[in-house]
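Here's a quick briefing to go with the model you're about to open. Have a look at the fold first, then work through the notes by topic.

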Amino acid sequence: ERYGSLGGLFTNGMVLIMLATSRCEDGTWSLVTKGICEEFMRRALKLGGDFCTKDTLPQRMWQPTVDPEAAKYLMDEMVREAGVEMFFHAWGVDVIQDGPRVQGVVFESKQGTQAILAKQVVDCTGDGDMFFRAGAGYRQITHSIGSVAQLGNVDRIPADAKKPAGAGNWPRKGNGANPSVNWGIGPGHAQDGLSVRDLSAAEVATRKYWIDFLKSMRASEGWKEVYLVNICSQIGVRATRLLESELILDQPAICKQQKYDDAVGVLGARAMYPSFQVPYRALLPKTVDNLLAAGRCLGAPDTIDTFRLIAPCFVTGQAAGTAAALAAKAGCTPRELDVKTLQKTLKEQGAYLESASA
């Protein structure tokens, strides 16, 4: 992990809210992002209301906001309990490969260049850095790059104070213990999330936006004591490379509510996007072996706004990780893995694989 904690944009990007967790049938909401995702949410809930928004099922979709520092701590605990060794402050830069078979990864850190040999590799870089290095096919898209910030002293704004121009839905309350601090998302612009020039420019523009925004707030009556608490440490890149997988789920496919024999999870509904099954083939590169992908590098341009969300990333990550482990144990490639064994194992882990009722 290139930063000092797990979570990516969830924690370092302060994106906080877990969307697309549930689906609605006959007016009743039920959780579909189960397994590791549900375990994480339930454990976050037990930390208290200061850290996680309470469960609202079955009356409404449960889309909790989770305090980023609590999320970092909780993921540390879950990884430690699983006996996994984490390397923070390390950045994957290449793969070790024999023909189409990936055999490990190369990474950079303060120690220099190092390598890890592996029976299986799972690419959860978001940008598909490892499958790109391995020569897998992909489609590159541009998406808006945004940022999150927190403002303080918003509880001192009089209820009858007029909102300054551009304030939008501020103040926007999360679930933090401090009633003075609110969070919000700044405007995003479509840029190339793989371009170091675009990323650098976005960082500079982000800081300027939030300072200018703060100045405009303070110029309004009743908003003079508002101050900038912090800006996210990780810029909000939403999508870049999308994997050319064995099966690509686009919007027409999910609107048909097709059922898949190789389903490995279900993603929840979001806005106009329905809940849908994810087939195992969506995680498999067409031309590379011993590598699976998960997270915001899956799907199509018209479905990425579901795949890139936190809860869906938990679901595809659990499916890819479990498949990699089973393939390593069986001594086969993920493509050769018996899907029924994978599905049985995922269900034993508490994952939910069924599609919506007809």
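The notes below cover sheets, a hairpin region, cavities, a salt bridge and some backbone details.

Heads-up: this is a predicted model, so local features need pLDDT of at least 70 and side-chain atom pairs count only at pLDDT 80 or more, while totals for chains, interfaces and linings use all residues. Residues are numbered from 1 along each chain as its sequence is written, and side-chain values use heavy atoms, with hydrogens and water left out. Helices (H or I, at least four residues) and strands (E, at least two) are DSSP runs, numbered from the N terminus. Two strands count as paired if DSSP finds at least two bridges between them.

**Sheet 10-9-12**

- Three strands make up an open sheet in the order 10-9-12, and the pairing is antiparallel.
- Strand 10 (182–185) and strand 12 (227–231) sit at the edges with a single partner strand each, so one side of each has no neighbour in the sheet.
- On average, neighbouring strands here are turned by 30° against each other, direction ignored; axes are lines fitted to C-alpha atoms, for helices over the stretch in contact, and angles run from 0 to 180 degrees between N-to-C directions.
- Strand 9 (residues 148–152) runs antiparallel to strand 12, and four bridges join the two.
- Look for G152 opposite Y227 of strand 12.
- Helix 4 (residues 196–218) lies across strand 9, strand 10 and strand 12, at about 160° to strand 12; contact means heavy atoms within 4.5 Å.

**Sheet 11-8-13**

- Another open sheet of three strands has the order 11-8-13, again with antiparallel pairing.
- Its edges are strand 11 (189–191) and strand 13 (236–237), each with a single partner strand, so one side of each is left without a neighbour in the sheet.
- Strand 8 (residues 143–146) and strand 13 run antiparallel and are joined by two bridges.
- I145 has V237 in strand 13 as its bridge partner.

- Seven bridges pair strand 3 (residues 91–98) with strand 4 (residues 101–109) in the antiparallel sense.
- V95 has V105 of strand 4 as its bridge partner, and D98 stands opposite R101 in strand 4.
- The hairpin of strand 3 and strand 4 has two residues between the strands, and G99 takes a positive phi near 65° there.
- Strand 4 carries on through a two-residue hairpin to strand 5.
- Six bridges join strand 4 to strand 5 (residues 112–117), running antiparallel, with V106 opposite A115 in strand 5.

**Cavities**

- Grid points are joined across faces, edges and corners, and a volume is the space filled by probe spheres set on the points.
- The largest cavity comes to about 50 Å³, and its lining includes V32, K34, V264, V315, L346 and Y352.
- Strand 15 (263–267) and helix 7 (310–330) are the elements that give two or more residues to that lining.
- The lining of the largest cavity splits into eight nonpolar residues, two polar and one charged (Ala, Val, Leu, Ile, Met, Phe, Trp, Tyr, Cys and Pro count as nonpolar, Asp, Glu, Lys and Arg as charged, and the others, Gly among them, as polar).

**Salt bridges**

- The count is 18 salt bridges, where one is a side-chain nitrogen of Lys or Arg within 4 Å of a carboxyl oxygen of Asp or Glu.
- One of them links the side chains of D127 and R296 at 3.0 Å, N to O.
- D127 is in the loop between strand 6 (121–123) and helix 3 (129–133) and R296 in the loop between strand 17 (291–293) and helix 6 (304–307), so the pair ties together parts 169 residues apart in sequence.

**Backbone details**

- L57 and P58 are joined by a cis peptide bond, with omega at about 0°.
- P58 is in the loop between helix 1 (36–46) and helix 2 (68–81).
- M14 isn't a glycine, yet has a positive phi of about 55°; M14 is in the segment before strand 1 (22–25).

Notes
1 Å grid on protein atoms, 1.4 Å probe; cavity = no way out; pocket = protein on both sides within 12 Å on 5 of 7 lines; lining within 4 Å.
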